[in-house]
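Student: I have just opened this one and would like to be walked through it slowly. Where should we begin?

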Amino acid sequence: MSTRPSTDNGDTATAGTAATAAPAPAVELTGITKRFGTVVACDDVRLSVQRGEIHGLLGQNGAGKSTLMKILTGLVRPDSGQIMIDGGEVSISDPLVAAGLGISMVHQHFSLIGRMRVWENVTLGERGHVDRASARRLVTEVGDRYGLAVDPDRAVEDLTTGERQRVELIKCLRRDPDLLILDEPTSVLTLKESHELFSVLRRVTKEENKTVILISHKLDEILHATDQVTIMRSGAVVARRRTADTDVRELAREMVGREVSRLTAGSAVGALDALVEDIGAAKEAKEEDEEREVRLRVTDAHATGRDRRPLLRGLSLTVHAGEILGLAGVEGNGQAALGDLLSSLLELDKGTVEVCGKAVRAGRPGAMHAAGVGVVPEDRHVSGCVLDMSLAENLAMADLGEVARGSFLSPRRLRSRAERLISEFDIAAPGPDIQMRRLSGGNQQKVVLARELAADPKVLVVAQPTRGLDVGAIEYMTERIQKAAESGIAVLLISTELEEILTLAHRIAVIHRGAIVGEMTRAEVDVERLGMMMGGQAA
Amino acid sequence: MTALTTRLPRMVKPAALHTLLLYVASFAVALTLAGALVTLTGKSMSETAYALYQGSLEGGGSIGLSIDEATPLLLVALGAIVCARAGIFNIGQEGQLLMGAMAGAVVGLFMPGPGWMVMVGSLLGAALGGALWAGIPAVMYYWRGVNVVIGTLLMVFVAAQLAMYVVTQENLLQEDGEAGARSPQSNLLAEGVMLPRVGEYPDLNVTSGVFVVLAATVAIVLLLRHSTWGFRLRMLGHNPAAARRSGVRATVLGGGALLISGAFAGMAGGIMLSGTIGRFQPGMADNVGWEGLLVALVARNHPVAAIPVALFFGGLRAGGGFLASTGVPRYLVSVVTALLVMAAVFPAAYAELSKLRKRNKPVVVEG
């Protein structure tokens, strides 16, 4: 075991109070409360995790899961509450203390340096002399022990996302932690990689009696991989269950706070099985697809980023009027570049974009919009809206013609247009003059969607439309996207959440390393095959 | 100062109080420091303060002088504001102003025609000269990616060299006269080419350039707030990616803003030339370009707020000039006015910095 402060022998001291048969839990949090201004992130939270178990922490975005774990790893100080490790009370004032206590966390976004080799990344932060040979040996040893095979001499930027996560895990495991926390570890993995990850976690807990906390908002993987589950909602713990004694519906209900339909459960909380069963129903829905007019055609698109890295490598796709094409893929395979291309933000080295049969010059400011491509971008703050301008101004943006007289804006028209869209799209805002920055994420998303749909687009691109939204907002977006397709708009849905794609898409294309590697209709979906294509294997 | 803070745009009450206190505190510190310095050098603080007041506010003549000084400052600030709204930082107004004055002098001295026509031509030439000087860094930025701040700044030094060169060459702009008795400056403009003055000395009298500047202010306020151009400019400044998506061409709009800013600085030089100084001198910019930038900063890039701020800075320049004429050493005058300028700038700079810090703070509320 690693060296750590005297908490190990604290067992005898607390034996009096915890004299029952069960050993003291590996981690016990009681009465943890944390406020950020008026927002209560954690409200009197109690969490108890036994040694040697995989404990699921389930909740929607904003439920307080991450904050709770940041408290445990010393990144955030709680306002009140008690932390017990192996029965002894501790005060975790900073991440170094947490590391000393044997607590280690793999964050959702990797902290690796692409240009450096695997062994260099693993030894990063070490002081004194760096011994290359022993570092490489360390990577191999830890890799063998947990089944995390990765070549120590490869540069991290050449690795797949799954391999990168293995490097992150090796970074943690080599310090021999007692408690391993993983924050949404599968959001960047293919199905197969996720399953491999879970078997590693199983080995870590069964064979070495370590403890794992798995943060997730996906029901499937909680059911799949955990022993116990604690469910959080709006900062409070609402339920604790033995995983074996519960099911998807109960988990979904507890997490959301009400009954949800099967389809919503699918896209909002990640119950894949329910969706695949629905295939039969979807089958007869869209048979006459082929005859519909092609609205968007991208042919052999090649593009490079500013750092000369290729972003798109011969991507071709078509979207027909009235259909939803779901573009599935693991994050970072060119989805962002495609979104940028259709937002006029990216120039092509080669290839063409046609909207309704007419070629559109890529990268020319406003060209895509003028051609009838509406985009709800992946990160609405980057190109979707202007946070420092008003709601009404954000609803106008490219469509100044409607609110201007000559070269001057008409405040009256700006306002009336805004009021119309606010009520039509159900945007919760005190008025059209409020600064965009002060709206909630869900409402900002609605503003972007409202503006893009108000321009009567021929093609609508929605990228990660539900990321970071709560269930209500997800239901809203899902419904709007479906309606848009029904009204004849060609919809391109770019998402890394397979569940979202299975819920909405009529046809599915898979993107990998900047190109489309396969296509299938909704009726022929085979999750295994999709997963393999997303991982870059021919299927 | 109260008038100034309440004029600042969209202030909520507690923030306004906070700002006011900040201004009071920073002026108290500046005045204490200035007093200490003046006393140390054996002068009287009260006499110094009185001289500053005499030079800037006592009687129509002094007030007129303050307004004369404020006029080019406001013009420079307006240009800086247009640029800042587009998210571009032009800090080369000192050079653009000088080049504007030079171009204005060339037109004013050599263009044939009736006086009023030459006068208008000289002002337009000045605007064009400033715009061209700002155009060089604009081209460097949009063509080769040279940072605008660095480009505009370095052009200031080129401008200073060029100005000195043209007034030391007899076949260029150097004044006529006996060899050896010529100063490094141009001939005086003809009487009819000078901007007429409004009012009679010793009563309130100002250059008619002030009306040009006020008209420019009104135009800028209207355009920024109500025109589609202003809308796109703000969009570009706040979020270039969203602007590009919406069809804003950064080269045209941003480059245009830079040219406008240069034209305003050049026009300021033209007004100084034909409004007060009467001839081109390489030292005539006299920090007006830099101080105009400070006016924009203190006014938080709001054109209406820039008017009182420019008047304050103009008063300080007029008062400082008078103070020097009472026998207080020039360097002490500079230090005292610099302290007061810093007192005026500090609260705005502080607000900018804390805004930046707030924005960079990581958001941890997400669960």
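Tutor: Let us begin with a term we will need: helices here are DSSP runs of H or I with at least four residues, strands are runs of E with at least two, and both are numbered from the N terminus. Please also keep in mind that this is a predicted model.

Student: Which other non-glycine residue has a positive phi near 50°?

Tutor: One of them is A:C356, whose phi is also positive and near 50°. A:C356 belongs to the loop between β14 (350-355) and β15 (358-360) of chain A, and with 16 C-beta neighbours inside 10 Å it counts as partly exposed.

Student: Back to chain B. What is B:V221 in contact with?

Tutor: Once the neighbours within four places in sequence are left aside, B:V221 is in contact with B:P303 and B:V304. B:V221 itself is part of helix α8 (residues 209-226) of chain B, and it counts as partly exposed, with 17 C-beta neighbours inside 10 Å.

Student: What does UniProt say about chain B?

Tutor: An unreviewed UniProt entry lists several spans of chain B under "transmembrane region", including residues 20-40, 95-111 and 252-273. In the model, residues 252-273 of chain B are 100% helix, with end C-alpha atoms 31 Å apart, while residues 95-111 of chain B are 94% helix and 0% strand, with end C-alpha atoms 24 Å apart.

Student: What about α4(B), where is the kink?

Tutor: The kink in α4(B) is about 25° and lies at B:A70, shortly before the proline B:P72. The end C-alpha atoms of α4(B), residues 59-85, are 38 Å apart, which agrees with the 39 Å that its 27 residues should span at 1.5 Å a residue.

Student: Is α4(B) enclosed or open?

Tutor: Of the 27 residues of α4(B), 24 are buried, so the helix is largely enclosed by the rest of the structure. After α4(B) comes B:G87, with a positive phi near 80°.

Student: Switching to chain A, how is it divided?

Tutor: Chain A is divided into domain 1 (6-102 + 177-259), domain 2 (113-174), domain 3 (292-372 + 459-465 + 484-539) and domain 4 (382-456). The C-alpha centres of domain 2 and domain 3 of chain A are 34 Å apart. As for secondary structure, chain A has 21 helices and 22 strands, and 48% of its 539 residues are buried.

Student: Can we look at one helix there, say α18(A)? What covers it?

Tutor: The cover over the buried residues of α18(A) includes β16 (373-376), α15, α16 (391-396), α17 (411-424), β19 (459-463) and α19 (471-486) of chain A. Of the 14 residues of α18(A), 11 are buried, among them A:V447, A:L449 and A:R451. A:D456, with a positive phi near 55°, follows α18(A).

Student: And A:N333, what does it touch?

Tutor: Not counting residues up to four places away in sequence, A:N333 touches A:I511, A:H512, A:R513 and A:G514. A:N333 is in the loop between β13 (324-328) and α13 (335-341) of chain A, and it is buried because 25 other C-beta atoms lie within 10 Å.

Notes. Residues numbered from 1 in each chain as written. Chains lettered and ligands numbered in written order. Predicted model: local features only at pLDDT ≥ 70, side-chain atom pairs only at ≥ 80, totals over all residues. Domains from an automatic or database assignment. UniProt positions renumbered as here; feature names shortened; annotations may be inferred. Expected span 1.5 Å × (residues − 1). Bend = angle between axes of the 7 residues up to and from the residue. Buried ≥ 20, exposed ≤ 12 C-beta atoms within 10 Å, placed from the backbone. Contact = placed C-beta atoms within 7 Å.
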